[in-house]
Amino acid sequence: MTPSLHLLAKKLQHLARMQGYLVYSAQQVVRIGALHDMRQLTGDQHESLAAFRVRFSEFQEQLGKAMRAVAMQEEQDVDSFGSVLSFMERLRVIDSSEHWKLIRELRNAVNHEYEENAVRLSAFFEQLQLEVPVLQGYFAALVQWCRKAYGLDVGPGG
Amino acid sequence: MQRMQPSQPTASIARLSYPQLTAVRSCLRRDLGEGARAWLFGSRVDLQRRGGDVDLYVETPRPTSLRDELLCKLHLKEALDLPVDLILAQAGSQTPIGTIAKSTGLEL
């Protein structure tokens with residue numbers, strides 16, 4: 001195995017672990033239920049919300065880096081991330097570049113606009129929950145592609 | 001409040017070009033519907049300043065889903081290649097930012 005493929009395998013294994021943490025955080029947020037009044041939340045519940053948005057953001061960030069690594073491995077243009085997304089769309093790893101960007105917009109908004117408005121915050125977290133399986137699907141498709149193309153074994157969770 | 005006329009040379013009243021303003025209106029119409037009313041405000045209507053985000057305050061007849069709001073913001077950023085701050089409100093709502101946008105901004 002080449003050094004770059006070895007690095008890619010490590011990235012995917014790391015992502016598999018991150019995915020487990022993200023799913024755990026998503027479950028914790030489901031347990032909190034609807035957000036009516038932020039002041040009613042316990043310290044642990046605030047921690048769960050914070051962990052979820054951070055893990056969501058980091059998972060997409062690292063997934064993007066792994067996709068870029070695959071594009072480089074395939075000698076594609078990686079000067080702009082838009083080119084990487086187009087390539088991933090052609091590989092059917094992602095459904096559309098726009099959906100990926102929408103998820104990025106969502107996480108930027110939830111991190112930037114973290115506020116006390118419970119109605120708006122509820123909408124953010126509901127949308128984040130809806131996008132977790134989408135990110136998981138992208139990751140699964142990337143792993144499957146790497147398995148087929150390079151024979152990479154990501155191990156449990158991948 | 002100023003209101004932009006179709007034939008008005010906008011370079012003198014807003015620091016966005018006519019094609020950029022047309023792109024903004026096109027995105028808003030497509031993503032938020034015909035009934036949306038928008039005001040450009042903040043640094044982009046201050047002729048003494050340079051650069052800056054594109055601040056848009058938009059009122060819609062009906063509540064907008066978070067997904068549609070984010071899509072609209074994404075389309076605006078891509079169309080303008082500039083940072084965009086998009087604030088949505090339902091028509092008739094009274095907010096401090098809405099009052100500022102309407103009184104100091106340019107209705108598109």
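Select chain A and chain B together: in this predicted model, the two chains bury about 1,100 Å² between them, and 58% of that area lies on carbon and sulfur atoms. Now pick out E98(A), L102(A) and E105(A); they supply 51% of the area that chain A buries against chain B, more than any other three residues.

Next, show every residue in the contact. Chain A brings 11 residues and chain B brings 10.

Polar contacts across the interface join 4 residue pairs.

Which elements of chain A give two or more residues to the side that touches chain B? Colour α4 (97-112) and α5 (118-150) to see them. α4(A) gives the most, with 7 residues. Sorted by class, this side of chain A has 5 nonpolar, 2 polar and 4 charged residues.

Then move to the largest nonpolar core, which has 57 residues. Among those with the most contacts inside it are L8(A), L63(A) and M88(A). α5(A) has the largest share, 14 residues.

Centre on L12(A) in this core. Its contacts beyond four places in sequence include A66(A), F139(A), L142(A) and C146(A).

Last, select C27(B), L28(B), V54(B) and V84(B). These belong to another core, of 19 residues, which lies apart from the largest one.

Definitions and conventions:
Residues are numbered from 1 along each chain as its sequence is written. Chains are lettered from A and ligands numbered from 1 in the order in which they are written. This is a predicted model: local features need pLDDT of at least 70, side-chain atom pairs count only at pLDDT 80 or more; totals for chains, interfaces and linings use all residues. Side-chain values use heavy atoms; hydrogens and water are left out. Contact means heavy atoms within 4.5 Å. Buried area is the accessible area (1.4 Å probe) that two parts lose on being put together, summed over both. A polar contact is a pair of N or O atoms within 3.5 Å; within protein, one must be able to donate a hydrogen and the other to accept it, and residues adjacent in sequence count only if both atoms are side-chain atoms. Helices (H or I, at least four residues) and strands (E, at least two) are DSSP runs, numbered from the N terminus. Ala, Val, Leu, Ile, Met, Phe, Trp, Tyr, Cys and Pro count as nonpolar, Asp, Glu, Lys and Arg as charged, and the others, Gly among them, as polar. A nonpolar core is a set of buried Ala, Val, Leu, Ile, Met, Phe, Trp, Tyr and Cys residues joined through side-chain atoms within 4.5 Å. Buried means under 20% relative accessible area, exposed over 50%, partly exposed in between (1.4 Å probe, protein chains only).
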